[in-house]
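Dear colleague,

Please find below the structure that I am handing over to you.

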Amino acid sequence: MSIFSKFDHVRTAFRALDKSGRNPFGIRFDKVLSPTEAILEGRHILLFGTNNYLGLTFDRTCVEASVSAIYEAGTGTTGSRIANGTYAGHTVLEQQIAEFYGRRGAMVFTTGYQAILGLISTLAGRGDHLLIDADSHASIYDAGKLSAAEVIRFRHNDPQDLARRLRRLEGLPGSRIVVTEGLFSMLGDTAPLCEIAAVKREMGAYLIVDEAHSMGVLGKNGRGLAEAVGVEADVDFVVGTFSKSLGAIGGFAVSDLPDFDLLRVTCRPYMFTASLPPAVVASVTASLRRVATDNLLGTRVLANGRRLYRGLAQAGFDLGPEPGPIVAVKISDRELAIEFWNALIAAGIYVNLALPPATPGSQSLLRSSVSAAHTEMQIDRAVQIMADNGYRLGVLSSDLRIAVPAAE
Amino acid sequence: MAIRVENIAAQIVRIVETRIPAGVPVSAQTRIARDLGLDSVAVMDFVMEIEDHFDISIPLDRIAEVETVENLAYVVEILLKEKD
């Protein structure tokens with residue numbers, strides 16, 4: 001009996017992926033060339049699964065800010081802000097994020113995962129009730145495990161179910177904390193945030209929105225879904241990441257609540273980990289400045305998302321419910337999804353393979369995400385390659401084959 | 001099993017039967033994940049149907065302890081009692 005015996009079922013599935021060709025969970029790029037291209041197995045590949053929504057990872061200003069910061073402040077902070085102190089850059093970045101969101105307070109975390117883990121698990125204490133969307137990201141589930149509160153799952157994007165579950169709690173003490181996401185990472189659907197905000201107001205709950213995939217993408221000023229649908233005043237806490245639109249790593253949370261600062265001395269995933277290094281703080285400061293002054297990139301990534309969505313829909317693929325920067329092709333058969341993913345790699349297109357239980361509804365997904373940096377030609381090429389391989393492998397029925405018209 | 005738990009288990013068995021191919025035997029001893037071939041998310045989705053049926057919410061930590069239909073029936077019974 002090995003310590004790994006408990007993973008016997010995982011081993012079988014993981015080893016089977018090796019036999020399919022490349023293991024999607026072990027793929028290694030020889031070199032990443034730009035937000036949209038890399039070298040894989042010695043060949044150029046188009047990247048359609050990076051979450052690099054605004055394409056800022058190679059932005060000259062961000063790179064230079066990062067390099068200067070290393071010379072000025074060193075490669076790392078070597079400790080947490082509570083134990084080892086805060087660098088000037090951390091404070092500047094926090095003020096900048098607070099200003100971007102128009103909120104009183106902002107806190108920066110070392111990763112987006114830790115921001116979620118820390119914010120939710122600390123806010124939801126013993127006797128409180130945490131209500132999370134059923135399709136929530138793993139970090140939200142993990143926050144629930146770390147929290148002493150009772151965790152209740154409501155049906156995905158279903159405000160009535162949320163209301164029903166809040167009503168079942170009537171008469172019980174404790175705060176009600178509702179968590180949802182601006183843009184869900186697997187299918188790219190948005191939350192019905194107006195309706196959820198109405199339920200929250202009516203039932204007297206707090207609302208946390210994870211805008212990890214929607215920051216810089218949705219809303220006139222890039223503040224995410226809450227801005228786009230006009231319910232920012234109802235959102236008590238916005239949480240997000242620097243690893244997607246802002247092209248680095250790290251997480252943040254903002255709020256107007258007066259005692260928000262208490263989290264700095266109560267939130268363990270903030271207190272007991274090293275703070276963000278100067279290079280990251282500097283590039284995020286630069287990329288956030290860019291996003292705050294210019295929403296062109298957000299407009300472009302949405303247009304690119306619509307182009308990819310339209311192209312794949314016209315080809316006949318079964319897609320997520322709405323166009324956006326995330327476009328997911330649903331494939332009912334797991335083995336076919338793996339084969340299709342491998343065929344796309346061979347044809348020079350990288351997308352994400354997502355398998356149950358990491359996906360909603362036990363579906364297998366070929367999940368792609370677009371960047372503002374993609375050209376229309378790159379998108380059309382991806383559509384063409386996906387359609388060709390889709391027909392060849394039987395993901396698409398050849399009876400329905402029609403010439404894929406150029407989008408737009 | 002107490003009468004009430006037995007009754008709850010029977011109701012759960014009936015709900016399970018609507019989700020699986022006819023003829024597959026289901027009882028209070030059926031292990032929800034292993035015998036029905038459900039992954040962790042599918043188990044939670046199944047539990048939502050049980051929650052609707054009994055008009056209760058089952059917190060995730062309680063679901064984590066459940067293996068069989070009978071275990072689930074005990075959890076439901078406790079929550080129904082708390083509600084009353």
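Chain A is divided into domain 1 (15–47 + 295–400) and domain 2 (60–293), with bounds that come from an automatic or database domain assignment. Please note that this is a predicted model, in which local features need pLDDT of at least 70 and side-chain atom pairs count only at pLDDT 80 or more, while totals for chains, interfaces and linings use all residues. Residues are numbered from 1 along each chain as its sequence is written, and chains are lettered from A and ligands numbered from 1 in the order in which they are written.

The C-alpha centres of domain 1 and domain 2 of chain A lie 28 Å apart. Across the boundary, 18 residues of domain 1 of chain A are in contact with 15 residues of domain 2 of chain A (contact: C-beta atoms, placed from the backbone, lie within 7 Å). On the domain 1 side, the elements that give two or more residues are helix 12, strand 11 and strand 14 of chain A; helices (H or I, at least four residues) and strands (E, at least two) are DSSP runs, numbered from the N terminus. Helix 12 of chain A gives the most to this side, with four residues. By class, the domain 1 side has eleven nonpolar, five polar and two charged residues. Here Ala, Val, Leu, Ile, Met, Phe, Trp, Tyr, Cys and Pro count as nonpolar, Asp, Glu, Lys and Arg as charged, and the others, Gly among them, as polar.

Six bridges join strand 11 to strand 14 (residues 364–369) of chain A, and Ala328(A) has Arg367(A) in strand 14 as its bridge partner.

Finally, eleven residues of chain A are in contact with eleven residues of chain B. Strand 6 (150–154) of chain A supplies the largest share of the chain A side, four residues.

Yours sincerely

Key: Two strands pair if DSSP finds at least two bridges between them. Two residues are in contact if their C-beta atoms, placed from the backbone, lie within 7 Å.
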